[in-house]
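Please open the structure in a viewer and keep the sequence panel beside it.

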Amino acid sequence: MFFYHFKNCSLIIYASLLTLVTYPSFGSSLKVLTTIPDLAAIVSELGDSSIEVDSFCKGTQDPHYLEAKPSYMVKARSADLVIALGLDLEIGWLPSIIQGSRNPEIRLGQKGYLEIGPQLSPIEKANGPVSRAQGDVHPNGNPHLNLDPIRMGDAALIIAKKLGELDTAHSEQYKTKALVLQKRLQEKTKLWQERITKTQVKKVISFHKTLTYFFARFGIENPAILEPLPGIPPTAAHLIEVIDLAKTQKIPLIMVENFFSPDAAKRVTAAVPTMRMVIVPVGVGGEDGIKTIDDLYESLVNAIEGKK
Amino acid sequence: MKNLLLFVCLFQALLSSGLAECQTQDPNQTKSASLMNPATSLNILSLYKRSRQSSKFNESIHDNGLSLQEVELQFSADVDPYFRVDAALSVHPDENHYAIEPEEVYAKTTSIPYITFKLGRFHAALGRHNEFHTHAFPFIDAPLINQRLLGADGLTEVALSTAVLIPTPWFMELTLQILQGESSDIFASTDSSLAYVTRLRNLFDLTDDFTMDLGISGAKGKNAYDQTSKASGFDLTFKWRPNFGGKYTALIVGTEFLQGEVLGRKNDEKPRGDSVYAQYQFAERWWIEARTEQTRNRENSDETQKKTSVLLAFFPSEFSGIRADVDLLKDNNNQKRLSYILQGNFTIGAHPAHSY
């Protein structure tokens, strides 16, 4: 009986859904989804109550490898805007979510899709040919720009402009708040710089190249990472090289991003007793109490100061 | 005719409804494939197999040794603002040579809210496993009942599909498909009658890191014996991956039941089977898995098979994997076949993500 009415069922469904999707919604706030919680924190500050914002990735998750859960497609179905870092950070999961959402407004190139990474002068772009033999490389630049407070201030302006295009009634509010956020981060960056300079920590080892922009901003060298190649887990041979380097260059600190295991770092600090290791959040929400982008940078500075 | 005209008008309206304002591509936005070339990838599945069995086992061993299980060449790209094409060509052993065929080649809509229309050749939405590509199988092979009811390649046909994302707070997707009905294992009517498949899938986030995926499916069409074939099934999958430490651990537990009725077929008219499986990630690149399954003919208990599989997998990266599998297959006379299988899985290029 069901198959006999198959054609009629299909037409009824099409007509119902056409009515549903073209029915105007009144008084609804702008719905924004971001790929990482840091961007959601910025949007939240710009928008107050005029924006509903959520992030696919949580502060405790590695944004390279999120699984494209169908529930994310449900969230994206009614989104007005998706904001991504880009530079292939989300390439493994975001396209599936957008396609599965059946929301044409948020597809690449549409007004509801914004990639901010390429607009923020990414560093570590590949020179020459690249291949996966070099690990998980991002040929268009390191995507972890969210850990540079100056770039995030600039990002706030880019986001505000896009929000203003979609919600012209609040465009001035978004722009004003973005300027406030940018100025605040610029001023705090000077204070953070002073604190870091006082520590005399000039070199830090990290697990992955997540903290590259943070280190570059505050004049810290990152002479080694625990991964032998980006995305490849630490090997015994590589850890021996890292230990030798740490001893030779008297590196005082290893920072391990919170979604990696600290085991490899512990082996290094066991061999180099003058080093300390600290597990750090690299996204808003990565630890209790990190609710804003300012909290995140404050936490990283505390880690360098030895307050964690 | 009137229905067809109404459908065309409605389709055109739907196609345009989601395309209010097509922005000029921001030149600073990155793309993984250039404008003129599709995203291209190649996957190789190679096997080493060694089986031994009881002397009275009812099938002969013919696939011991090294083999190329499958090579899949995949292309995908946007056609224009309205459509996208995904194409997977499969190269696989066929008797004494290799055959190349379209595993899945289809165009689908991208600009219609809530709905995806798909036209081409693809895996039908009959159950959860039938839609997997070979290199994404949770185990080395498909469940016994899938092979028995739907054939070695599963139910794959030229078809038109409509998949609707129902506007509920959870993920609910209703898929309706019209198939050419040419699958010789279950359809292939003498008068080229169409066949129909439907699937309703629900996925619930029980918590932030724990999901339940529940699906029911059905299929119906005429078969080569001029009678009706039917199939129905359900699948239930639980997945857990913690938000903290999720790189290093995960657990998947699932079950799938499938039954069919191929009226008119003298042997194996009413096959039925189920599988229960678990996959556990115990380290960043290591998984251990187990599956138990059975299949039988509802009319003849002599055609019962039971199989247990245990598998250990190592994934050096997300693009390569080595799996070692041990299978024990028993028939209704308690005759046994024990198989040891080693599989290599390698992917190059820009391969789309697999479904959740």
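**First stop: the strands around β1 of chain B**

Select Ser41(B), which stands opposite Gly349(B) in β16(B). Before going further, please note that this is a predicted model, in which local features need pLDDT of at least 70, side-chain atom pairs count only at pLDDT 80 or more, and totals for chains, interfaces and linings use all residues. Residues are numbered from 1 along each chain as its sequence is written, chains are lettered from A and ligands numbered from 1 in the order in which they are written, and side-chain values use heavy atoms, with hydrogens and water left out.

Helices (H or I, at least four residues) and strands (E, at least two) are DSSP runs, numbered from the N terminus. Two strands are said to pair if DSSP finds at least two bridges between them.

Now extend the selection to the whole of β1(B) and to strand β16 of chain B, residues 336–349; the two pair in the antiparallel sense over 13 bridges.

**Second stop: two hairpins in chain B**

Select residues 286–297 and 300–317 of chain B, which are strands β13 and β14; they pair in the antiparallel sense over eleven bridges. Two residues lie between β13(B) and β14(B) in this hairpin. Which residue of β14(B) is the bridge partner of Arg291(B)? The partner is Ser309(B).

Continue to strand β15 of chain B, residues 320–331, which is joined to β14(B) by eleven bridges in an antiparallel arrangement. A hairpin of two residues leads from β14(B) to β15(B). Here Thr308(B) has Leu328(B) of β15(B) as its bridge partner.

Move to chain A and select its open sheet of four strands, ordered β2-β1-β3-β4, with parallel pairing. Its edge strands are β2 (51–55) and β4 (113–115) of chain A, each of which pairs on one side only. On average, neighbouring strands of this sheet are turned by 20 degrees against each other, direction ignored. Angles run from 0 to 180 degrees between N-to-C directions, and axes are lines fitted to C-alpha atoms, for helices over the stretch in contact.

Within the sheet, strand β1 (residues 30–34) of chain A and strand β3 (residues 81–84) of chain A run parallel and are joined by three bridges. Select Leu33(A) to find its bridge partner in β3(A), Val82(A).

Select next the open sheet of three strands in chain A, in the order β5-β6-β7, where the pairing is parallel. The edge strands, each pairing on one side only, are β5 (204–206) and β7 (276–280) of chain A. Neighbouring strands here are turned by 25 degrees against each other on average, direction ignored.

Three bridges connect β5(A) with strand β6 (residues 253–257) of chain A, and the two run parallel. Ile205(A) has Ile254(A) in β6(A) as its bridge partner.

Select helix α8 (residues 236–249) and helix α9 (residues 263–271) of chain A, which pack at an angle of about 45 degrees with their axes 10 Å apart. The contact (heavy atoms within 4.5 Å) is made by Leu239(A), Val242(A), Ile243(A) and Lys247(A) of α8(A) and by Ala264(A), Arg267(A), Val268(A) and Ala271(A) of α9(A).

**Last stop: confidence**

Colour the model by pLDDT, the predictor's confidence in each residue, from 0 to 100. The mean pLDDT is 91 for chain A, where 91% of residues reach 70 or more. For chain B the mean is 90, and 90% of its residues reach 70 or more. Within chain B, confidence is lowest in helix α1 (residues 2–17), at a mean of 64, and highest in strand β7 (residues 171–179), at 98. Select also residues 20–30 of chain B, where the pLDDT is below 50. The model scores ipTM 0.89 and pTM 0.90.
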